[in-house]
Amino acid sequence: MTSDPLRREYEARVMALRRWADAMRQDGLPPEAIARMLHAERRRLCEVFKERTQEPQRTRILQRTRAVYGDPFGPSLEYLRARGKNWDEIIEFASRPGGPPADICDA
């Protein structure tokens, strides 16, 4: 984790998605449904936290993410599936803050 308060908040919110996934598993939801919900929430968090990021860092992050994934807020589900990611991997990646190899969003 970083010393930047905004990044720390983002990382905590992303890591909290794991508890949400665990609760959905206990409720019997299938992995695909969990992955779709977590991915959507992760992208929402990316948008919120990128909006809160100061310039010029925000522009650099958006440009880098667009260059890597073709989207300023990270890979789509279609992108991940086309690269062979299964639903459980998408759940794991969505609930782990950035950084290779599971980088979904660099807020």
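Guide: Welcome! Two residues are in contact when heavy atoms of theirs lie within 4.5 Å of each other. Please keep in mind that this is a predicted model.

Visitor: Which elements do the buried residues of α5 pack against?
Guide: Let's start with the helix itself, which spans residues 87-94. Its buried residues are Trp 87, Ile 90, Ile 91, Phe 93 and Ala 94. They cover an arc of only 165 degrees around the axis, so they sit on the same side of α5. The elements that these buried residues pack against are α1, α2 (31-52) and α4 (77-82).

Visitor: Is Glu 11 buried or exposed?
Guide: Find Glu 11 in helix α1, which covers residues 5-26. Its relative accessible area is 8%. Buried means under 20%, so Glu 11 is buried.

Visitor: How far apart in space are Glu 11 and Ser 95, C-alpha to C-alpha?
Guide: Along the sequence, 84 residues separate Glu 11 and Ser 95. In space, their C-alpha to C-alpha distance is 9.1 Å.

Visitor: Is Arg 43 buried or exposed?
Guide: Arg 43 belongs to helix α2. Leaving out residues up to four places away in sequence, Arg 43 touches Asp 71, Phe 73, Gly 74, Pro 75 and Ser 76. Its relative accessibility is 17%. The limit for buried is under 20%, so Arg 43 counts as buried.

Visitor: What is the relative accessible area of Thr 65?
Guide: Thr 65 has its place in helix α3. Beyond residues up to four places away in sequence, Thr 65 touches Lys 50, Gly 70, Asp 71, Pro 72, Phe 73 and Gly 74. Thr 65 is buried, and its relative accessible area is 0%.

Visitor: Which element gives the largest share of the lining of the largest pocket?
Guide: The largest pocket holds about 150 Å³ of space. Of its 11 lining residues, the closest to the centre are Asp 4, Leu 6, Arg 7, Thr 53 and Gln 57. Two or more lining residues come from each of α1, α2 and α3 (57-69). The largest share, 3 residues, comes from α1.

Visitor: How many residues of that lining are nonpolar?
Guide: Let's sort the lining of the largest pocket by kind. There are 3 polar and 3 charged residues, while the number of nonpolar ones is 5.

Notes. Residues are numbered from 1 along each chain as its sequence is written. This is a predicted model: local features need pLDDT of at least 70, side-chain atom pairs count only at pLDDT 80 or more; totals for chains, interfaces and linings use all residues. Side-chain values use heavy atoms; hydrogens and water are left out. Helices (H or I, at least four residues) and strands (E, at least two) are DSSP runs, numbered from the N terminus. Buried means under 20% relative accessible area, exposed over 50%, partly exposed in between (1.4 Å probe, protein chains only). The arc is that of the directions from the helix axis to the C-beta atoms. On a 1 Å grid over the protein atoms alone, a cavity is a set of points where a 1.4 Å probe fits but cannot get out, and a pocket is an open set with protein on both sides within 12 Å along at least five of seven lines; lining residues have an atom within 4 Å of a point. Grid points are joined across faces, edges and corners, and a volume is the space filled by probe spheres set on the points. Ala, Val, Leu, Ile, Met, Phe, Trp, Tyr, Cys and Pro count as nonpolar, Asp, Glu, Lys and Arg as charged, and the others, Gly among them, as polar.
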